[in-house]
Amino acid sequence: MTLKELQQNTYSQNIIASTEVDSVLSVALHKNLEYLYKNPDKKISLGTQKKFAKLLALRLQNWPLAYLRKNKDFFGLNFVVNKHTLIPRPDSELLVEEAQKYLNSSALNNKVLDMGTGSGCLIISLAKTTCGEFFASDVKKNALKVARLNARKHQVKITFYLSNLFKKIPEQKFALILANLPYLNKEQMREPSISHEPKSALFSQNNGLKHYEKFLQQVKNYLAEKYLILLEIDPGQNEAIKILSKKYLPESQIDILPDINNLDRVVRISLD
Ligand SMILES: C[S@@+](CC[C@H](N)C(=O)[O-])C[C@H]1O[C@@H](n2cnc3c(N)ncnc32)[C@H](O)[C@@H]1O
């Protein structure tokens, strides 16, 4: 069977959009979409046809393409991902951009911590593009394995901690802490497109705020004299997070930054 025949057969079943068929085919063939358009007469082996059918069945069960492909681009870099890690989102690039600005302007202590590192996409993007001493933590061993793999892939030095929030992180002073901790509430967890991503990476009790409240309770001893904390939030949490930040870090300046869709996305808690 040729590539074009396999495409046409699958399109005609009308089980999934044709663009999705092409994306899954590109994963099965380990080729990009351009290759599909340029090689309609390519013979597809029985083995590859079976692999395609298996991947298509997974896609129909809402498995994200990034998990099928086992990687995802973020901040111009490619990261290994698997079912133990959240798939990096473009919205989170704002955290890296803000962190870059801060590191480029402050010449003092440049210790940086990424809490809830997952695939390591935030801290590795920063380590690739700025100078500093880089640390990252996660409560999940399997996520840290992927983050370590990505750090090796991108040849950056990062110290990793397996820790529930700050519990196992040796006390030290960070000038910059970024965190994209779980912040979705029960209602938001019903969204089918996220059903295969780890619940432990997404869900937080108390309407999505439990992790950030605990983080803010614990962070004080880890902050340098001057500091910046960057937290990714759900836009609906903007007022509640301001109140929590003021409660635990009353001396700080708190700003909320919008993402590219003009939705409140990043909390900036600073002292300078
Ligand atoms: C929303 S994901 C973010 C992953 C990655 N930083 C990113 O931006 O793509 C949240 C991460 O926090 C981790 N996490 C959840 N609870 C945690 C806790 N109590 N302490 C540390 N990390 C935690 C999860 O395992 C997950 O990797």
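Student: Is C121 buried or exposed?

Tutor: C121 is buried, because its relative accessible area is 8%, and buried means under 20%, exposed over 50%, and partly exposed in between, with a 1.4 Å probe and protein chains only. Before going on, note that this is a predicted model, in which local features need pLDDT of at least 70 and side-chain atom pairs count only at pLDDT 80 or more, while totals for chains, interfaces and linings use all residues. Residues are numbered from 1 along each chain as its sequence is written, and side-chain values use heavy atoms, with hydrogens and water left out.

Another cysteine, C131, is exposed, because its relative accessible area is 64%. The structure has zero disulfides, a disulfide being a pair of cysteine sulfur atoms within 2.5 Å. In general, a disulfide is a covalent bond between the sulfur atoms of two cysteines.

Helices (H or I, at least four residues) and strands (E, at least two) are DSSP runs, numbered from the N terminus. There are 19 residues around the ligand, and G116, D138, N164, L165 and N180 come nearest. To be near, a residue must have a heavy atom within 4 Å of the molecule or strand.

A polar backbone atom of G116 is 2.8 Å from a ligand nitrogen, one of T117 is 3.3 Å from a ligand nitrogen, and for V139 the value is 3.3 Å. The ligand taken alone exposes 590 Å², and the protein buries 96% of that. Such areas come from the Shrake-Rupley method with a 1.4 Å probe, and for residues only the protein chains shown count as cover.

Next come some contacts between side chains. A polar contact is a pair of N or O atoms within 3.5 Å; within protein, one must be able to donate a hydrogen and the other to accept it, and residues adjacent in sequence count only if both atoms are side-chain atoms. Q172 sits in the loop between β5 (159-162) and β6 (174-179). Q172 is buried, at 12% relative accessible area. Its side chain makes a polar contact of 2.8 Å with that of K111, and another of 3.0 Å with that of Y161.

E98, in helix α6 (residues 93-105), is also buried, at 10%. The side chain of E98 makes a polar contact with the side chain of R268, at 3.5 Å. Two strands pair if DSSP finds at least two bridges between them. L257 stands opposite V266 in β9. Five residues lie between the strands of this hairpin, where N262 takes a positive phi near 65°.

Finally, the whole protein. It has 12 helices and nine strands, and 50% of its 272 residues count as buried. The C-alpha trace spans about 65 × 40 × 30 Å along its principal axes. The domain assignment gives domain 1 (3-61) and domain 2 (72-271), with bounds taken from an automatic or database domain assignment. Taken over C-alpha atoms, the centres of domain 1 and domain 2 are 36 Å apart.
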